[in-house]
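Reader: I would like to learn how to read a few features of a structure with you. Could we go through them one at a time?

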Protein chains: 2
Amino acid sequence: MKKEITLLGAGLVGSLMSIYLAKKGYSVSIYEKRDDMRKGNQQGGRSINLALSNRGLKALEEVGLAEQIKRLVIPMKGRMMHDVKGNLTYQPYGKEGQFINSVSRSWLNEMLMDEAEKLGVNIHFEHRCSQVNLDTQALEFETPSGSKRIQSEVLLGADGAFSALRDAMQRSDRFNYSQYYIEHGYKELCIEPQQGEFAMEPNALHIWPRGRFMMIALPNTNETFTCTLFLDYEGEDSFANLQTPEQVEAFFKTYFPDVIPLIPDLTHQFFQNPTPSLVTVKCYPWVKNRTCLMGDAAHAIVPFYGQGMNAGFEDCRVLNELIDTHQHNWDTILPEFQQARKPNADAIAELALKNFVEMRDLVADSQFLLQKKIEAHLHEQFPKDWIPLYSMVTFSDLSYADALRIGQKQHEIMQKVMSKPDIEKNWPNLDFASIVEQLKA
Amino acid sequence: MKKEITLLGAGLVGSLMSIYLAKKGYSVSIYEKRDDMRKGNQQGGRSINLALSNRGLKALEEVGLAEQIKRLVIPMKGRMMHDVKGNLTYQPYGKEGQFINSVSRSWLNEMLMDEAEKLGVNIHFEHRCSQVNLDTQALEFETPSGSKRIQSEVLLGADGAFSALRDAMQRSDRFNYSQYYIEHGYKELCIEPQQGEFAMEPNALHIWPRGRFMMIALPNTNETFTCTLFLDYEGEDSFANLQTPEQVEAFFKTYFPDVIPLIPDLTHQFFQNPTPSLVTVKCYPWVKNRTCLMGDAAHAIVPFYGQGMNAGFEDCRVLNELIDTHQHNWDTILPEFQQARKPNADAIAELALKNFVEMRDLVADSQFLLQKKIEAHLHEQFPKDWIPLYSMVTFSDLSYADALRIGQKQHEIMQKVMSKPDIEKNWPNLDFASIVEQLKA
């Protein structure tokens with residue numbers, strides 16, 4: 001007989017995982033701390049839209065949801081860089097036909113919950129998990145109608161960066177754990193449509209790279225853009241020094257002048273919205289007895305590679321595969337899952353931190369843009385042997401750990417290439433075959 | 001008017017800090033989770049004795065307690081290495097007159113609590129801190145007679161590696177935190193006196209270095225030795241493979257044959273005592289409003305440099321100095337304290353992890369012992385310009401961060417020295433002055 005499975009968290013990963021499990025015939029109950037977001041009482045200002053790419057799509061495809069979702073996303077085919085004068089530079093993300101997809105977090109989450117419920121998944125809202133016994137797998141919840149105890153057979157914690165299951169694990173012996181906040185916070189701002197149309201090119205991810213800080217903008221299906229300013233909390237250019245409307249206006253005038261006409265209520269939005277922080281969470285083990293962490297609960301990362309959700313969805317796909325491989329034997333499935341995923345979670349955490357530097361600083365550098373151009377050319381000539389790091393992460397399902405390793409090797413090779421004399425002029429004459437050979441060595 | 005100060009934890013650091021504060025005229029209350037250890041209900045098996053060295057002694061001296069303590073410690077002047085055949089090699093820790101001191105944790109702690117109470121410090125036992133409000137500095141405790149709420153003006157958390165104050169901080173935004181367990185656990189064993197006398201040389205720290213693992217022994221004032229076996233939890237030679245008396249006996253016969261006659265009830269002790277784990281805790285900030293972490297609560301480290309207590313006592317001394325410097329202004333004292341101590345806490349954490357490798361492996365290596373000998377000679381010739389790392393950490397009050405930095409430079413220089421041809425024979429002819437010059441460069 002198949003087990004009952006208990007999931008903590010009805011977010012993106014919990015909802016998708018419940019669909020996989022329900023399709024396999026499991027009886028699934030989800031316990032979610034918050035109220036049902038489909039009732040429409042959400043708060044704004046926290047990561048409104050996300051970039052869905054290959055790994056996430058592949059995981060949705062396997063439960064038959066990819067086509068449905070593709071109709072409600074906006075393809076972003078490249079980066080549109082804005083300099084301080086408002087000049088634009090465009091750089092495609094990959095080859096023709098390769099793009100990432102801007103999607104609304106709430107829409108996607110609601111759709112996944114609807115699908116889960118159609119398959120018989122029970123979602124219990126306003127159940128805050130207050131206690132987990134890792135030995136007996138008993139759980140305690142606080143609900144509006146008092147506290148409730150349940151017993152779980154297999155417990156999956158998809159309850160996010162501040163996971164209750166992980167909290168219980170952290171109190172057990174020999175649990176390695178780290179939470180590390182970067183020095184930047186973020187602020188979301190909305191660009192309304194102009195005469196009913198997108199105020200900027202909709203099929204791109206817009207970046208205003210400014211060295212220590214940056215702003216980005218992603219399109220929404222209602223013709224708005226969600227801008228996110230990533231800025232130090234403290235220091236010269238920082239949220240600490242943006243305390244008055246005058247300071248905010250002066251700051252935007254200096255660094256983002258082309259945005260000012262697009263956000264008439266800039267200072268109102270700025271002071272209305274919160275300034276959340278950005279954390280990387282790592283831990284090990286993910287498994288104690290028949291309890292297991294997944295998604296952000298196991299590996300919360302910063303958003304700069306657009307891979308948080310994609311990594312979590314890949315967790316679901318891999319766990320589902322292991323259920324088949326190990327024929328529903330959860331005492332084998334869970335340890336195999338953590339062994340398969342932990343190195344990849346560490347790799348994408350590192351890649352995400354590094355990509356912040358690339359986005360906020362390097363994309364404004366002409367040498368860096370030339371390097372990207374040369375790498376794109378290498379990829380065109382040797383499509384299987386030289387895949388740029390961004391494409392390995394975003395457009396393939398090569399493991400993150402392999403992508404990181406190969407990317408480091410590519411970086412070393414390209415350092416040498418870029419130091420050649422007059423590379424700006426001479427790059428078309430490079431011996432591309434021998435460059436690719438170095439990568440194989 | 002001077003503030004009231006609330007301390008969490010009546011351990012070594014909390015008790016000593018309360019003495020410093022009481023002597024400055026503060027009204028001090030300590031809240032301790034456990035029962036009064038002076039009632040004599042302690043459990044064994046967990047770090048019975050400690051190595052008190054210069055930093056700890058200096059901090060005790062400043063409150064007039066050093067002489068009193070020196071009478072109840074056993075000086076350990078060097079390392080006594082035991083090989084698998086029971087052959088001994090001795091290596092002094094420093095120069096003549098330099099030694100570390102084996103001291104009983106419980107005796108020292110009890111004495112500090114007695115002294116604190118004499119000065120009017122109020123110690124509330126069996127008060128488990130269940131909640132800390134970092135904004136209002138209100139605290140809640142569970143006690144045998146129900147829960148209790150108090151309000152603190154200045155709150156110091158000296159409540160150890162599993163600190164309740166740190167726990168509250170970890171739930172606040174932008175608190176960096178990591179806990180990292182090494183792969184080894186430990187087991188304490190007792191060597192009884194033989195015919196009323198120490199069974200081995202008492203004025204040494206005994207080490208049985210065995211590569212991946214080791215055993216050490218420290219003398220106690222009652223003529224016993226406390227042995228500690230540090231061993232992997234899993235793997236070939238590991239606690240996992242020591243499940244039966246036969247396995248334990250065979251293991252000791254292979255690796256520690258000279259110890260077998262000294263512990264007649266070896267297997268009984270082995271299975272009686274727990275197998276605790278070893279953790280490194282790092283966090284930042286240590287201060288939120290007028291609350292501050294110190295000692296293990298801020299920086300728990302592994303025991304391999306014998307510096308955990310010494311670092312915590314140095315915290316007390318430095319905090320006390322800052323009270324004078326900043327004239328009792330706690331809004332300045334606490335941030336200055338974390339700024340002064342955080343780099344040193346990170347440094348000793350790293351040094352302690354590295355010293356495990358040195359103790360369990362390198363001290364059995366003849367090249368390494370020669371290097372130590374050459375360094376001792378350098379120190380003798382140039383006592384101020386070349387102080388071996390161990391001496392900087394143990395016999396000086398140079399900051400841990402400086403000791404680490406200088407030690408790394410010494411290591412690089414010594415690598416080159418040791419690679420010279422026939423160094424075993426030729427070392428007395430080295431140009432010592434020029435070696436020391438390299439360190440200054």
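Reader: Which ring does Arg55(B) lie over, and at what distance from the ring centre?

Author: Happy to start there, with one caution: this is a predicted model. Arg55(B) lies over the face of Tyr400(B), and the distance to the ring centre is 4.1 Å.

Reader: How many aromatic pairs does a search of the whole structure find?

Author: The general idea is that a pair of aromatic rings is described by the distance of the centres and the angle of the planes. Over all chains, the search gives 45 aromatic pairs. Take Tyr26(A) and Trp330(A): their ring centres are 5.7 Å apart and their planes stand at 80°, so this pair is edge-to-face. Tyr26(A) belongs to the loop between α1 (12-23) and β2 (27-31) of chain A, while Trp330(A) belongs to helix α10 (residues 330-360) of chain A, so the pair ties together parts that are 304 residues apart in sequence. Both Tyr26(A) and Trp330(A) are buried.

Reader: What are the distance and the angle for the rings of Tyr390(B) and Phe395(B)?

Author: The centres of Tyr390(B) and Phe395(B) are 6.1 Å apart with the planes at 70°, so this pair is edge-to-face. Tyr390(B) and Phe395(B) are both buried. Rings can also be linked into a cluster, as ring pairs do for Phe213(A), Phe251(A), Phe252(A), Tyr255(A) and Phe256(A).

Reader: Let us turn to sheets. In what order do the six strands of the open sheet in chain A come?

Author: A general point to keep in mind: in a regular strand the side chains alternate between the two faces of the sheet. In chain A the order is β8-β2-β1-β12-β19-β18, and the pairing is mixed. At the edges stand β8 (122-124) and β18 (287-288) of chain A, each with a single partner strand, so one side of each has no neighbour in the sheet. Further in, strand β1 (residues 4-8) of chain A runs parallel to β2(A), joined to that strand by five bridges. Along this pairing, Ile5(A) is opposite Val28(A).

Reader: What does the open sheet of chain B look like?

Author: It has six strands in the order β8-β2-β1-β12-β19-β18 (chain B), again with mixed pairing. Here strand β12 (residues 154-157) of chain B and strand β19 (residues 291-293) of chain B run parallel, joined by three bridges. Gly157(B) has Leu293(B) as its bridge partner in β19(B). As for β2 (residues 27-31) of chain B, four of its five residues are buried, so the strand is largely enclosed by the rest of the structure.

Reader: In which sense do β9 and β10 of chain B pair?

Author: Strand β9 (residues 128-132) of chain B and strand β10 (residues 138-143) of chain B are antiparallel, paired over four bridges. Gln131(B) has Glu140(B) as its bridge partner in β10(B). Five residues lie between the strands of this hairpin, and Gln137(B) takes a positive phi near 60°.

Reader: Which residues have the most contacts inside the largest nonpolar core?

Author: That core has 149 residues, and those with the most contacts inside it are Leu156(A), Phe313(A), Leu156(B), Phe313(B) and Trp330(B). Leaving aside neighbours within four places in sequence, Phe313(B) is in contact with several residues, including Leu12(B), Leu52(B), Leu60(B) and Leu112(B).

Reader: Is Val417(A) buried or exposed?

Author: Val417(A) is buried, with a relative accessible area of 3%. This residue is found in helix α13 (residues 400-418) of chain A. From Val417(A) to Leu430(A) is 13 residues in sequence and 8.6 Å in space, C-alpha to C-alpha.

Conventions:
Residues numbered from 1 in each chain as written. Chains lettered and ligands numbered in written order. Heavy atoms only, no water. Phe/Tyr/Trp six-rings, centres within 6.5 Å; stacked < 30°, edge-to-face > 60°. Helix = DSSP H or I, 4+ residues; strand = E, 2+ residues; numbered from the N terminus. Buried < 20%, exposed > 50% of the residue type's maximum accessible area, 1.4 Å probe, protein only. Lys NZ or Arg CZ within 6 Å of the ring centre and 35° of its normal. Pairing = 2+ DSSP bridges. Core = buried A, V, L, I, M, F, W, Y, C linked by side-chain atoms within 4.5 Å. Contact = heavy atoms within 4.5 Å.
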